[in-house]
Amino acid sequence: MTTHSAAGNADYRDRGLVFPAGFTFGSATASYQVEGAATEDGRGPSIWDSFSRTPGKVWNGDTGDIACDHYHRWEADLDLMAELGLGAYRFSIAWPRVIPAGTGAVNPAGLDFYSRLVDGLLERGIRPVATLYHWDLPQPLEDAGGWPARATADAFERYAEVVGGALGDRVHTWTTLNEPWCSAYLGYGQGGHAPGRHEPAAALTAVHHLNLAHGRAIQALRATSTGDPEYSVTLNFHVARGRGDRADEAVRRVDALTNRAFTGPMLRGAYPADLLEDTASVTDWAFVADGDLATIAQPLDVLGVNYYSTVTVQMWDGVSPKQQHDGHKAAPRGTAWPGSDGVLEFLEPPGPYTAMGWNIAPEGLEELLVSLRGQFPDQPLMVTENGAAFDDVVEGDGSVRDAERLDYLRRHFTAAHRALARGVDLRGYFVWSLLDNFEWGYGYAKRFGIVRVDFDTLERTVKDSGAWYAQLARTGVLPD
Ligand code: FCB
């Protein structure tokens, strides 16, 4: 590997960086955010269908009913990925397409869609990286209790068996869950995500059942996949900056609740003692049954890392107005911080910021990757999401000169390269997102795509950042 790491260059715009041969350059999407066709071919309702129809939950009342219409336009979208020279596509499978009620009958038409998609990727030389759960829980499972109910993990195991049996001969990488932190804390604690509940104890129960679902799904996928896939999970790590005279304590609390609540059981086979202590006023964790931790701790071929920005936190001093950190999503009401609500205070991080209001901090990505290597020395890593929303302008000739997004990506790829140069076993990088899409509580107001989608005509236009990324993917050399 050739490296030209300009150590000490704080602006993260190193020149002439060459990525290792075999490094994967991909892009990512998620079913509810791009597919549309919400009621077609037997798809059942998900919690995001219900949530987006609830007044006041999603900006402008937007829903994923049509989204990017990827369900019908997938072939053209795959052609586009091939034109861009992308080596892998990280997509998610909609559970309510495959098992519309969450349990019970399998819907062959739903499986067929993903089977065609996987074949289409392989025909174009693009590796299929399939996520089983990117937040679209079948509504009947929520009606029966959702992730705080242990039966949801049972249902997920069966879903994994079905999908493994149908696609496990061809999928390159299986990812069980996307960002279970969001599913648990934003879905059941803070309420800015579906199903929009505000129950701190339920959020922690959901954490455990998501972890359990992950372990069970890995076992089920291994048992049913006849190919030789890799196994992974994607977590959204919080990189926290402490302030005040108890800065270390603040950072430790954030790390326990967000990062180690998942890496603990998944990679070490135990919940961290400090997490149990911090949350003792909320729950006694009696929902952790004998044998669960052994089930959860499955070896992973690769750990997926999503990174966008950092958080700045201090212990609440009881004087300044407490800001409720919203997990980078829609306006909060409940808490995403069970056991630390009223204890942790989130401060505005230093800018610059993206259109989401998220701070741009490429050094946080380098630091995170190096820290994960320190904690889990033998665990290969993959950046499974990184990217930025900006308010794009369409020029008279139809082009989108998204210099800020391009610059964001360039700095974060530089950060990843610096981590590689420091010995991190980083296997690849997926840009979020291929397409502008339904950005959860923000609806269609926030655009993350390297390809523009006109939501009136559904026409796709490669942005400058997309052309830049294509050059990187083709050559492995970071363009200036
Ligand atoms: C992540 C989600 C993804 C997208 C990006 C911007 O938290 O996994 O679906 O919303 O944020």
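The model is a predicted one, so local features need pLDDT of at least 70 and side-chain atom pairs count only at pLDDT 80 or more, while totals for chains, interfaces and linings use all residues. Residues are numbered from 1 along each chain as its sequence is written, and side-chain values use heavy atoms, with hydrogens and water left out.

Y188 sits in helix α8, residues 180-190; helices (H or I, at least four residues) and strands (E, at least two) are DSSP runs, numbered from the N terminus. The side chain of Y188 makes a polar contact of 2.6 Å with the side chain of E142. That term covers a pair of N or O atoms within 3.5 Å; within protein, one must be able to donate a hydrogen and the other to accept it, and residues adjacent in sequence count only if both atoms are side-chain atoms. A polar atom of the Y188 side chain also lies 3.1 Å from the backbone nitrogen of W147. As for A206, it is 18 residues from Y188 in sequence, with 7.7 Å between their C-alpha atoms.

D278, in helix α11 (residues 273-278), is buried too, at a relative accessible area of 10%. Leaving out residues up to four places away in sequence, D278 touches R252, R253, A256 and G339, contact being heavy atoms within 4.5 Å.

Next comes a pair of helices. Helix α3 (residues 70-84) packs against helix α5 (residues 108-123) at an angle of about 10°, and their axes are 10 Å apart. Axes here are lines fitted to C-alpha atoms, for helices over the stretch in contact, and angles run from 0 to 180 degrees between N-to-C directions. That angle makes α3 roughly parallel to α5, since angles under 35 degrees count as roughly parallel, over 145 as roughly antiparallel, 65 to 115 as roughly perpendicular and the rest as oblique. On the α3 side the contact uses H70, Y71, W74, L78 and M81, and on the α5 side A109, F113, R116, L117, G120 and L121.

Finally, there is the ligand. Twelve residues surround it, the closest being Q33, H134, E179, E439 and W440; a residue counts as near if one of its heavy atoms lies within 4 Å. One N or O atom in the H134 side chain is 2.8 Å from a ligand oxygen. For E385, the distance from a side-chain N or O atom to a ligand oxygen is 2.9 Å, and a polar side-chain atom of W440 lies 2.9 Å from an oxygen atom of the ligand.

How values were computed: Buried < 20%, exposed > 50% of the residue type's maximum accessible area, 1.4 Å probe, protein only.
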